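Please open the model in your viewer and follow the stops below in order.

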Amino acid sequence: MIRFTQVSKSFGTRCVLQDLDLEIRKGELTFIIGKSGEGKSVTIKHMMGLLKPDSGQIYVEDTDITQLDDAALQQVRKKFGILFQHAALFDSMTVEENIQFPLREHTNLTEAQIDHRVSEVLDQVDLPHSHKKYPDALSTGEKKRVGLARALAAKPQILLYDEPTTGMDPLISEMIDELIVRVNQMEKDITSIVISHDLKAALATADRIIMLYQGRVELAGPPSVFTKAASPVVRQFFSGSVEGPMEFL
Ligand SMILES: Nc1ncnc2c1ncn2[C@@H]1O[C@H](COP(=O)(O)OP(=O)(O)OP(=O)(O)O)[C@@H](O)[C@H]1O
Ligand SMILES: [Mg+2]
């Protein structure tokens, strides 16, 4: 679904991505992990064409998006749905209005079709009776689910989650993790990409995990590859130890 070949990106003298090769497979749930500052967010911004690499190619399906102009990039971005860390709902709009908003902006659906889609996605995230509530009246977990419903509404082919559970209590985190898996199974062709520090969730739920280190992929594969990994960097990351090859600022 997405392929980076030899992608490099520097900010000033800081080289964040260095000849990065990576592959996200269609229909899979992929976790991108790595310590803070390793370039996870920079990587997903490249996927959507929000950042341009200094060199290398980025294919979304069969299109090298590094060659596209702004109008063509806008079309590519319609393939993506994003769930931001803080759900980013509009507080002055009801749940229903929050979800309608991108549908009115980015699709040609009629009002009746929009209403139908809003109910459908609210069902999918287990919030069937929340149309008229305001974000203030929702718990953190509920806000997150509305954010997910909104990301799903326009039927994206690729769902990006940037740190979906960071800073949440363990029970809510687990509920969100389950929902991510459920959505990936329910929408058979959807490709889900989760950026996360949550190794437990990655090991428990990912089809594939990609670990970034020093601008490259340190290791990629199913969770079993990670639990058996010999790489000192991977082992250090999983043990959470300060002792090892990985340097913390
Ligand atoms: N627009 C920018 N201009 C300059 N430097 C940037 C920019 N965006 C990111 N960086 C730098 O690139 C590096 C990687 O940043 P990135 O946000 O991708 O890290 P991350 O892996 O997502 O970290 P975290 O886990 O803390 O979110 C950091 O050193 C950051 O300061
Ligand atoms: Mg980040």
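A residue is called buried if 20 or more other C-beta atoms, placed from the backbone, lie within 10 Å of its own, exposed if 12 or fewer do, and partly exposed in between. By that criterion, 32% of the 249 residues of the protein are buried. The model is predicted, so local features need pLDDT of at least 70 and side-chain atom pairs count only at pLDDT 80 or more, while totals for chains, interfaces and linings use all residues. Residues are numbered from 1 along each chain as its sequence is written, and chains are lettered from A and ligands numbered from 1 in the order in which they are written.

**Whole protein**

Begin with the cartoon, which contains nine helices and 10 strands; these are DSSP runs numbered from the N terminus, helices being H or I of at least four residues and strands E of at least two. The radius of gyration is 19 Å, close to the 18 Å that the globule rule gives for 249 residues, so the protein is as compact as a globular protein of that length. The radius is taken over C-alpha atoms, and the rule is 2.2 Å times the number of residues to the power 0.38. The C-alpha trace spans about 55 × 45 × 35 Å along its principal axes.

**Ligand 1**

Next, select ligand 1 and the residues around it: F11, R14, V16, G34, S36, G37, E38, G39, K40, S41 and V42. Each has its C-beta atom, placed from the backbone, within 6 Å of the ligand. Helix α1 (40-47) and strand β2 (14-24) each supply at least two residues of this shell, and α1 gives the largest share, three residues.

**Helix α6**

Now select residues 170-186, helix α6, whose 17 residues reach 24 Å from first C-alpha to last, close to the 24 Å expected at 1.5 Å a residue (the expected span is 1.5 Å times one less than the number of residues). Which of its residues are buried? They are S173, I176, D177, I180, V183 and N184. Viewed down the axis of α6, the buried residues fall within an arc of 125 degrees, so they line one face of the helix; the arc is that of the directions from the helix axis to the C-beta atoms. Turned away from the buried side are the exposed residues L171, Q185 and M186.

**V76**

Finally, select V76 in helix α2 (residues 70-77). V76 is partly exposed, with 17 other C-beta atoms within 10 Å. From V76 to E61, 15 residues apart in sequence, the C-alpha to C-alpha distance is 9.8 Å.
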